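This report describes the pockets, the cavities and the ligand site of one protein model. Look at the structure first, then read on.

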Amino acid sequence: MPKVGHPACMDSGAFQSVPGHIGPGRKVNVKLSIGDSTFPELSEISDYDLATIGMILNEGRGFDLSVYKEKCMKRRVAIRIRSTGCSNVADYCDFLRRSFRELELLQKTLTIHVSQFFRNPSMFEKLRNEIIPKLFASSPDKDSEPLRFWCLGCAGGEEPYSLAILLREYFSREIHKVRPTIMATDIDAETLKVAHLGEYNEDRLKELPDVLRERYFRQENRRFCLVPEIREMVTFRMADISDVEQYIPSSLVLCRNTLIYFTRTNQEKILNGIADILQPGGILVLGKSESLIGNSNRRFRPVCQLERIYQRV
Ligand SMILES: C[S@@+](CC[C@H](N)C(=O)[O-])C[C@H]1O[C@@H](n2cnc3c(N)ncnc32)[C@H](O)[C@@H]1O
């Protein structure tokens, strides 16, 4: 049965008093704007509303909403309000306080998990042809500085596994000698479960060349399952990117399509945090619509602006 306020419940007309859905068996009279399937508009979520939702999220899940761009968060909150069918923000806050599942769903909606294997293939080409050979050259054997690759905001694992496939496919001799590690972190527990499992729908594999798909995936019905030899190359961990004190020393950091959701101040903090833990000459890769900010410009030099590849100075 559709929830109250869901477009499926709506009729034509102006306002109507209807029973709300807060808690089992509870009936609350709420004002429902009938026929308005786009409620709430962004402008209807005030800064105060967002701060209240932020407080509930922080208390319930330790999730800090204040580090993200306000407008983006309001847009995502509006999506959740619409799908729960709550008819105003106060109602939604009430619901959020009572439903742990809604807290989970809200956090999931706020932290966008879109990803793909070999997303932006030209960047992976650049890694393969220029960046990774130099990293291996600077760390030629087990006794030299360990090579650590780190994906920050790894979503369902598509990005770190792409890196693992790249290493296995084109650098098998080097990885045997040097044994680099691939660490992948994300704040979202559910998306990390997907990553552990290593099973994907075909749409996630669109950029993957057929030969690599056949070599590294087994098809089971409509799912594509990564072979264990690739899964075993990546270690996943839950971590908050804002927690810069916990950053791990690394040689290559992929931080793509994650920074963009953070406020300018927090982007700068994260970029400086990465500069602090990158080994000298270490490499940072950002997403196509991300760039260095403020003081971080002085801590990196561009290697390839087009692919958003930077080297720590
Ligand atoms: C759009 S995905 C990017 C995935 C991948 N890097 C790529 O480019 O395809 C953004 C990821 O950042 C994660 N994320 C958002 N906020 C985070 C935070 N505070 N700490 C760690 N990860 C976060 C989300 O859970 C999501 O999986």
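The second largest cavity holds about 50 Å³ of space. A cavity is a set of points, on a 1 Å grid over the protein atoms alone, where a 1.4 Å probe fits but cannot get out, while a pocket is an open set with protein on both sides within 12 Å along at least five of seven lines; lining residues have an atom within 4 Å of a point. Grid points are joined across faces, edges and corners, and a volume is the space filled by probe spheres set on the points.

The model is predicted: local features need pLDDT of at least 70, side-chain atom pairs count only at pLDDT 80 or more, and totals for chains, interfaces and linings use all residues. Residues are numbered from 1 along each chain as its sequence is written, and side-chain values use heavy atoms, with hydrogens and water left out.

Among the residues that line the second largest cavity are Trp-150, Arg-237, Asp-240, Ile-241 and Tyr-247. In total, 3 cavities of 30 Å³ or more are counted.

The table lists polar contacts (pairs of N or O atoms within 3.5 Å).

| Residue and part | Ligand atom | Distance |
|---|---|---|
| Ile-241, backbone N or O atom | nitrogen | 2.8 Å |
| Asp-240, polar side-chain atom | nitrogen | 2.9 Å |
| His-113, side-chain N or O atom | oxygen | 3.1 Å |

On its own the ligand has 610 Å² of accessible area (Shrake-Rupley method, 1.4 Å probe), and the protein covers 99% of that area. The ligand is surrounded by 20 residues, and the closest include Tyr-68, Arg-119 and Asp-186; a residue counts if one of its heavy atoms lies within 4 Å.

Which space does the ligand take? The ligand takes the largest pocket, by the rule that more than half of its atoms lie within 2 Å of the grid points. This largest pocket has a volume of about 410 Å³. It is lined by 27 residues, and Ile-112, Gly-153, Asp-186, Asn-257 and Thr-258 are the closest to its centre.

The second largest pocket contains about 280 Å³ of space. Of its 17 lining residues, those closest to the centre include Leu-135, Ser-138 and Gln-311. Two or more lining residues come from each of α5 (121-138), β10 (278-286) and β11 (300-304); helices (H or I, at least four residues) and strands (E, at least two) are DSSP runs, numbered from the N terminus.

Conventions:
Polar contact = N/O pair within 3.5 Å; in protein donor to acceptor, adjacent residues only side chain to side chain.
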